[in-house]
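Visitor: I'm new to this one. Could you show me how to read it, starting with a strand?

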Amino acid sequence: MEKGTGDKIKISVRNLVEFILRSGDLDNRTGGRKDTDAMQEGSRIHRKIQKQMGSEYSAEFPLSIIVPITCEEITFDLCVEGRADGIISRPEENPAIVIDEIKGVYMELSHLEKPVPVHRAQAMCYAYIYAGIYDHKEIGIRLTYCNLESESLKYFHETFTYEQLNSWFMNLVEEYGKWAAWQIRWNSIRNSSIKALEFPFPYRFGQKELVTNVYKTIIRDKRLFIEAPTGVGKTISTIFPTIKAMGEELVSKIFYLTAKTITRTVAEETFQKFKESGLLSKSVTITAKDKICILDKSNCNPVSCERAKGHYDRVNDAVYDLLINENDISRDLILNYAEKHKVCPFEMCLDVTNWADVIICDYNYVFDPNVYLRRFFLGEKKNDYVFLIDESHNLVDRAREMYSAVLYKNQFLSVKKIVKLIETNNHVPKPYNGPKLEKRLEVCNSDLLKLKRSCDNCSVINDITDFVLHLMRLMTEYEEYLTEFPDSEGRDEIVGLFMDIRHFLSIYEIYSDKYITYTDYDEQGEFRIKLLCMDPSDNLKACLEKGKSAVFFSATLLPIQYYKEQLGGREEDYAVYAPSPFPSENRLLMIGSDVSTKYSRRNKEEYEKIVEYLIAFTGARKGNYMVFFPSYQMLNQVAELAEGKLEGMVIQTNNMTEIEKEEFLQNFTLDPDKSRIGFCVMGGIFSEGIDLKNDRLIGAVIVGTGLPMVGNERELFRKFYDNRNGRGFDYAYLYQGMNKVLQSAGRVIRTLEDKGAILLLDERFRQNQYTDLFPREWYPNIPVNTNRMETELKNFWNS
């Protein structure tokens, strides 16, 4: 829902009817039948049907209406708008005008006995608006359902008088009135508080210029890429100008997007600082479903969860109760109100986002095609949203994975066995029309078997059209099966494959020359086929274009042009480097250039040399240190050699729990009585997002260049970019490796008062392709051996 200017509120037809008319249970057992357009293949089927219509058909017809409303002593205009899929004009027939609403589904159309109520309501809204504008006393609607596999069609027709539609529509908007009135009242309160808001601290060096750059980016509808070293205050410097733009009605909603829990916490604390300075705003953090669910294992249906029964009948009351009584909408508050009204806390949280000024969430709620917030981003309409994308160097790989899809051959065989067993046990000769599900599964398995026979290690596939067609046929049978057996044994595995196929088909719909298809074997030897996104920029652009502006920021966004290219930047967008406020004399950067971590030189002699460096580096001053390795294997081998030589070692292990992580960090105390030396992995949980200030960490050693291991996918990336721009090694290995190095080194200097030493251990750090990626604050740096390093450290610590 979009917050309008002055006393005008805008809402789309779809959002209006879905919000007011929803009812009943949460139920994950019904396949796709309950929300039959949830699996639409984009707009492909719409375009195809629309093109087949004659001159009497007007496609994608924009319609809007402004309705004056008085509610709770507030008078305002409600603007309801959208695009009808089609307007059919046949003057010789009765009715002369028919509104067409098109939905693509996987289910067998013979099972669709009546239109889905929300779809019917959408068509009725468009019919009312059209009849009012063009003065029709009578008007028809047509619901067109298309099976995505067979492309067969089923129609539902209905005719209304204008008076019938007028009465129905006015009741609809009247129900929405209290929400719109609350929104106008809240906007006024919020904007007044923003006008008086000041930056809460004295500006650091370069910080005011950064704030100005963000504000200009927003008012010009651009995108900004910021390389900002730790200590610049990038979080508060991006949030403050965005809030000010919201107060001037330039921004309707702020999305603060992160990759990790720790950065979400920093964002929450920053908004809280502004609230302590007088800001009145409603911000909500979306908590992952499995972390907020009241069940040990999420299972959203009335049988497994009492709150699922009638959830949609109660959730609007729960949200309204929360909105009128609370400003600081925490996870605990949502849990409390969800308990009070007996609704699902996760679904309630998502509904609260409709009315929140600020949404703090993971990247996937905006970008991931499986879980993005459709209430904000479905359709082509651009809104006044601003995306603040923290630690945005993470988004490149995350986006590539979001827009890729994989299927495993063994999934099809496993589900086939489960289905056969269930049918046998239930004595079901033919539970649905058409070939049995197991036969469709076998056809897809046979397709994969053919591909497997021609794949020794890794094979690039040029055409999978037949396989995709077979998957679509399978999906139709799958829909019927999930409806017939909603609570069958092995349901998790059955639904898991269903969801994987659905995602595979949706990615196939957006497949382009920025993709490749390949087959290979995973580490357990399981055969798989993958649609691999090589460049996510087009997909990210499509998401970013739903908003007004975007700000990407990170301490490690180098080279910035690479990230601008991969993250959907345009030629007219901006890129800036925020200068570091740290005194250069408080940082010592050294390069141990007589050590190598190349695979060919990973041996005991080289590791003993690394241990000598660690003894000298940590022996120069008592304190807390972290040593970052490129792999657990090397970490453990060096740790074994260092046993008895290095005191105070604490070792990161694989798959640490949250409690184990906290216990690890508790070793790094202020003013320690003896040294602590943490052995960690680059790119792991301790190399990014942790904040050990002051003397909780005084030194870091980076062992190796952080290059990813050579593998099938990395090599495919290398070949792809070699063909595109001759920079295959850089795109596949170098940039990702150096980002890990920069993130790891960034753990040392966290505040203006910090003082710390950084040691890079690998001869390759002296080569131009690596030094070209050093940030400005890494100069000057000093090449050392163990003897010179001891001298440099003595001078540094005594200065």
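**Reading a strand and its sheet**

Guide: Happy to, and keep in mind that this is a predicted model. Let's begin with strand 12, residues 385-390, which is mostly covered: 6 of its 6 residues are buried.

Visitor: Which way do the side chains of strand 12 point?

Guide: Here's the general idea: in a regular strand, side chains alternate between the two faces of the sheet. In this case Tyr 385, Phe 387 and Ile 389 point one way, while Val 386, Leu 388 and Asp 390 point the other way, and all are buried.

Visitor: Which strands pair with strand 12?

Guide: Strand 8 (residues 253-258) runs parallel to strand 12, joined by 5 bridges. In that pairing, Ile 254 stands opposite Val 386. Strand 17 (residues 549-554) also pairs with strand 12 in the parallel sense, over 5 bridges, and there Phe 387 faces Ala 550.

Visitor: What is the order of the strands in the sheet?

Guide: Read it as 10-9-11-8-12-17-7-18: an open sheet of 8 strands with parallel pairing. Strand 10 (328-329) and strand 18 (574-577) stand at the edges with a single partner strand each, so one side of each has no neighbour in the sheet.

Visitor: Now the surface. Which residues form the negative patch?

Guide: That patch is made by Glu 658, Glu 660, Glu 662 and Glu 663.

Notes
Residues numbered from 1 in each chain as written. Predicted model: local features only at pLDDT ≥ 70, side-chain atom pairs only at ≥ 80, totals over all residues. Heavy atoms only, no water. Patch = residues over 30% accessible without salt bridge, like charges linked within 9 Å, V, L, I, M, F, W, Y side chains within 5 Å. Areas by Shrake-Rupley, 256 points an atom, 1.4 Å probe, with all protein chains shown as cover. Salt bridge = Lys/Arg side-chain N within 4 Å of Asp/Glu carboxyl O. Lys, Arg positive; Asp, Glu negative; His and termini not counted. Charge placed at Lys NZ, Arg CZ, Asp CG, Glu CD. Buried < 20%, exposed > 50% of the residue type's maximum accessible area, 1.4 Å probe, protein only. Helix = DSSP H or I, 4+ residues; strand = E, 2+ residues; numbered from the N terminus. Pairing = 2+ DSSP bridges.
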